[in-house]
Amino acid sequence: LVPVPGLDLTPFSFAITCALLSLVIYPLHIFDLMPVARSQLVDTMSDAVFVIDEYDRVLDTNPAGQNLTGKKASQLIAHPAADVFSAWPTLVQRLRNRPISHTDAFVIQDSRTCWYDVRITPLAVINQSEIGWLVVLRDISHSKQIEMELSILNKIITQIAASLEIHQVLYSLYQNLKEILPLDYYQAAMV
């Protein structure tokens, strides 16, 4: 089978095979940095991220999502979203009300008085059919706490301002009475 005796075709066939494989693999971009960087980004972000498929099952989550639910990935993946998000009925209801054709943003509160900013973004393929949803929960409890404290302070300031207005009205009335009434009526009224 060798055209020239003593000629080994193995190195040539390996070279041709490697060249053909590189031509086939290169367009797939499997050795790019982006998939690795994206995975690292999602895994290290503090927001809880869940990928939900068209059948309302959790397909993926990051460590923050696992911490939020208190469950391991194996206890979340392939389970119904209604079970995973049972602590947040508003979120379950929003996921059930289809279709969400744009990013849906709202705020929910859980039983531990933690507040979350929720973003539900549809995942679509080229023909625009939705194949799932990306659910991101960001803990905004600290901001809500500050908002509530500011609301309380605003009420206190409003009450102080109202009492200052009453004090100013009384002082103005006192000044006017002092000018209008004779001195003996004025002194009698003050006693």
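Predicted model: local features only at pLDDT ≥ 70, side-chain atom pairs only at ≥ 80, totals over all residues.
Residues are numbered from 1 along each chain as its sequence is written, and side-chain values use heavy atoms, with hydrogens and water left out.

View 1. Helices (H or I, at least four residues) and strands (E, at least two) are DSSP runs, numbered from the N terminus. A salt bridge here is a side-chain nitrogen of Lys or Arg within 4 Å of a carboxyl oxygen of Asp or Glu. Lysine 144 counts as buried at 18% relative accessibility, and glutamate 147 as partly exposed at 46%. Buried means under 20% relative accessible area, exposed over 50%, and partly exposed in between (1.4 Å probe, protein chains only).

**View 2. Aspartate 47 and arginine 138 joined by a salt bridge.** Their closest N and O atoms are 2.8 Å apart. This pair links distant parts of the chain, 91 residues apart: aspartate 47 sits in the loop between helix H2 (34–44) and E1, and arginine 138 in strand E5 (residues 130–139). Aspartate 47 is buried, with 8% relative accessible area, whereas arginine 138 is partly exposed at 45%.

**View 3. Alanine 105 in strand E3 (residues 104–109).** Alanine 105 is partly exposed at 41% relative accessibility. Beyond its neighbours within four places in sequence, alanine 105 is in contact (heavy atoms within 4.5 Å) with Arg94, Val118 and Arg119. Arginine 119 in turn meets aspartate 117 in a salt bridge of 3.2 Å, N to O. Of this pair, aspartate 117 is buried at 14% and arginine 119 partly exposed at 37%.

**View 4. Threonine 69 in helix H3 (residues 63–69).** The threonine 69 side chain reaches the backbone oxygen of glutamine 66 at 3.3 Å. Setting aside residues up to four places away in sequence, threonine 69 touches Phe50, Leu76 and Val84.

**View 5. The antiparallel strands E1 (residues 48–53) and E2 (residues 58–61).** Three bridges join these strands; pairing requires at least two DSSP bridges. Valine 51 has aspartate 60 as its bridge partner in E2. Four residues lie between the strands of this hairpin, where aspartate 56 takes a positive phi near 60°.

Note on methods:
Polar contact = N/O pair within 3.5 Å; in protein donor to acceptor, adjacent residues only side chain to side chain.
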